[in-house]
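Please prepare a briefing on the structure shown below, grouped by topic and with the cut-offs of each term stated.

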Amino acid sequence: MTTNPQQTPQRIPGVGLRTDYGGDLRADDIGREVSVCGWVARRREHGEHLAFVDLRDRTGLVQCVVDGAADLRSEYVVRITGVVRARPEGTTNPALASGEIEIGDCTVEVLNIAEPPPFPLEDKTGSGEPTVDEGIRLRHRYIDLRSERMQRNLRTRAKVNHALRNSMDSQEFVEIETPMLIASTPEGARDFVVPSRLSPGEFYALPQSPQLFKQLCMVGGLDRYFQIARCLRDEDLRADRQFEFMQLDLEASFVGQEDVLDFTSTAVAAAVEAVTGEQIGTIPRMTWHEARERFGSDKPDVRFGMELTELTELFLSTEFNAFKAGDGSRDFVVKGIRVPEGASFTRKQLDDLTDKAKRWGAKGLVWMRVEEGGTLNSPVAKFLSESELTSLVTTLEGETGDLLLLVADERPAACHVLGLLRLELGRSTVPADAGLHFLWVVDFPLFEDLGEDGSPIPAHHPFTMPHTADEHLLDTDDPRDLLQVRSQAYDLVLNGWELGSGSVRIHRSDLQGRMFELLGIGDEEQRTKFGFLLDAFRFGAPPHAGFAFGIDRLVALLVGEENIREVIAFPKTQSGADLLTGAPTPIEPRYLDELGLRLLPRSAD
Ligand code: ASP
């Protein structure tokens with residue numbers, strides 16, 4: 001029996017409209033009279049009057065046996081009151097957590113009617129998830145959020161936030177909110193800007209991170225700061241990147257790298273344990289140098305092998321031009337990877353790989369199929385000596401049926417391209433249950449490269465502390481020495497995704513001055529960009545260090561999603577659009593006037 005939506009449902013004192021969540025009911029509840037609230041997921045007729053109504057709430061589904069449910073439609077909002085009973089023998093549903101029971105003798109109150117949903121929420125294919133175009137899901141996100149997948153993902157996310165907050169609290173960090181309307185942050189991305197109405201023609205930047213504020217908190221004696229911080233960066237969107245994202249941001253005084261690694265590892269371990277119940281143990285470490293040499297990446301996916309092998313020595317006196325080192329003035333290398341059973345790749349597949357390698361910056365790609373008896377089948381085999389071919393197979397441990405891929409180039413390019421080839425060919429071999437592989441990558445270089453004018457390009461922000469042992473190299477006459485300077489910067493990597501980064505900060509003004517000088521940041525630029533921080537640093541900045549990691553990425557990996565959009569309640573599409581609200585949208589001319597802005601006509605393209 002159903003009542004119509006106009007009637008006000010009776011509240012049950014102390015619990016709102018329901019006594020229980022339907023998906024939580026179990027055999028223990030048999031015999032209880034319960035009221036459950038939610039949406040009609042499905043109705044299946046059962047004889048002339050009776051129908052099975054699956055009611056959905058945030059805990060899942062419960063089956064209700066309803067007499068006279070003819071006017072109940074999908075997604076109607078209902079309260080169902082009845083008695084929990086065991087399902088008749090042979091009709092239990094092991095796929096459903098509440099599958100041993102059903103609610104009988106039901107009274108149904110329709111709390112609201114609903115139009116037919118624009119896409120089915122229930123899985124009709126048996127694959128676990130309905131296959132619906134993501135655009136449609138995002139346009140009607142409020143309906144998509146009712147799906148089991150989104151409910152699970154967002155609740156996991158809440159668990160992670162909660163565990164991180166608790167962990168930081170028990171590590172004596174203080175939660176502090178920093179402002180959203182600020183001047184620029186030096187994270188290297190493009191700022192989102194907000195025009196100021198009170199100062200027309202002037203702009204706030206939205207924070208790329210709370211970096212400078214957390215450092216100010218250290219000068220302010222807060223000692224240990226953390227925040228679950230929203231950060232905004234105007235960068236191209238990808239599977240693991242949105243314009244706005246959340247990070248656990250932390251900073252502590254009178255500590256060094258080891259302490260920060262410990263604080264962060266503890267917080268991450270707490271989050272993982274809260275979700276999986278498992279301990280991650282000590283997170284292994286690797287230097288940036290080793291990561292590049294072995295995996296061709298500063299965020300190595302260590303879940304599979306196919307590591308890079310250095311082969312330069314084998315070709316020191318080769319006749320093959322592409323492998324000749326030249327005059328030795330460059331850091332020229334030959335490196336290779338072994339692709340197990342890759343000899344079966346077709347010529348077309350190999351040509352595609354070569355094209356990719358070139359697109360990624362290699363001059364070319366040498367491939368060799370390992371055949372019976374260890375002989376190599378390759379277009380370049382004829383240019384190599386017998387001993388070169390033999391040592392190649394031995395060094396790469398090639399076996400019959402394998403494919404060997406070689407790149408000869410300057411070290412950074414060779415490592416980079418082989419690293420990408422390794423991912424391209426190896427990632428698909430990682431079993432779904434490979435688990436979580438965290439890794440600390442430490443000792444990042446202070447400078448990424450030298451710019452056109454010979455001045456170094458910082459790998460992190462300009463406040464990153466160099467390694468004490470390498471500090472003297474900052475005074476070198478040869479700019480190339482600068483590329484050898486290691487920094488006290490570190491990244492946390494999970495399954496090949498960069499989860500976050502941090503560093504020990506420079507707190508001494510002499511060293512900071514030297515750094516600005518090296519980076520070509522003159523006095524005026526220093527004042528405009530960081531004047532307030534430099535001022536603060538004159539008043540007793542303690543030694544400090546910090547870290548931040550992306551919560552969206554961590555949650556995505558914990559729930560096995562490949563795209564962080566799946567763990568964000570209201571994400572943007574790849575092109576930056578919010579399909580639900582229509583943002584970004586034009587604004588009315590009078591607002592532009594107030595802000596002192598005039599729009600240029602759009603270019604014709
Ligand atoms: N501010 C850095 C970031 O957001 C993290 C840090 O250095 O603490 O990536």
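In this predicted model, 5 of the 5 residues of strand β15 (residues 366-370) are buried, so the strand is largely enclosed by the rest of the structure. Buried here means under 20% relative accessible area, exposed means over 50%, and partly exposed lies in between, with a 1.4 Å probe and protein chains only. Helices (H or I, at least four residues) and strands (E, at least two) are DSSP runs, numbered from the N terminus.

Because the model is predicted, local features need pLDDT of at least 70 and side-chain atom pairs count only at pLDDT 80 or more, whereas totals for chains, interfaces and linings use all residues. Residues are numbered from 1 along each chain as its sequence is written, and side-chain values use heavy atoms, with hydrogens and water left out.

**Strand β15 and its sheet**

- Both faces of β15 are covered, with Val 366, Met 368 and Val 370 buried on one side and Trp 367 and Arg 369 buried on the other.
- On pairing, where two strands pair if DSSP finds at least two bridges between them, β15 runs antiparallel to strand β17 (residues 403-410) over 4 bridges, and Met 368 has Leu 404 of β17 as its bridge partner.
- Strand β16 (residues 376-377) also pairs with β15 in the antiparallel sense, over 2 bridges, with Asn 377 of β16 standing opposite Arg 369.
- The two strands β15 and β16 form a hairpin with 5 residues between them, and Gly 373 in the turn has a positive phi of about 80°.
- These strands belong to an open, antiparallel sheet of 5 strands in the order β13-β14-β17-β15-β16, whose edge strands, β13 (309-310) and β16, each pair on one side only.
- At the β13 end of the order, 2 bridges join β13 to strand β14 (residues 332-339) in the antiparallel sense, and the bridge partner of Glu 310 in β14 is Lys 335.

- A second open sheet has 8 strands in the order β7-β10-β11-β23-β22-β21-β18-β12, with mixed pairing; its edge strands, β7 (174-175) and β12 (285-287), each pair on one side only.
- Strand β7 runs parallel to strand β10 (residues 224-232), to which 2 bridges join it, and Val 174 stands opposite Tyr 225 in β10.
- Helix α4 (residues 211-219) has Gln 211, Leu 212, Lys 214, Gln 215, Cys 217 and Met 218 as its buried residues.
- An α-helix has 3.6 residues a turn, so residues three or four places apart point the same way.
- The cover over the buried residues of α4 includes β10, β11 (244-253), α12 (523-537) and β23 (544-550), and just after the helix Gly 221 takes a positive phi of about 75°.

**Strands β2, β5 and β6**

- Strand β2 (residues 33-46) is joined to strand β5 (residues 77-86) by 7 bridges in the antiparallel sense, with Gly 82 in β5 as the bridge partner of Val 34.
- Strand β5 is in turn joined by 9 bridges to strand β6 (residues 101-112), again antiparallel, and Ala 86 stands opposite Ile 101 in β6.

**Nonpolar cores**

- A nonpolar core is a set of buried Ala, Val, Leu, Ile, Met, Phe, Trp, Tyr and Cys residues joined through side-chain atoms within 4.5 Å.
- The largest nonpolar core has 62 residues, and those with the most contacts inside it are Leu 248, Phe 438, Tyr 490 and Leu 554.
- A second, separate core of 23 residues includes Leu 353, Leu 403, Leu 418 and Val 430.
- With contact meaning heavy atoms within 4.5 Å, and not counting residues up to four places away in sequence, Phe 438 touches residues including Val 268, Ile 280, Leu 492 and Leu 554.

- The protein comes to 14 helices and 23 strands, and 46% of its 605 residues count as buried.
- The C-alpha atoms fill a box of roughly 90 × 70 × 55 Å, taken along the principal axes.
- Among contacts with a separation of 6 or more, 68% are between residues 24 or more positions apart.
- Arg 602, in the segment after α14 (589-595), is exposed with a relative accessible area of 80%.
- Between Arg 602 and Leu 436 there are 166 residues in sequence and 47 Å in space, C-alpha to C-alpha.
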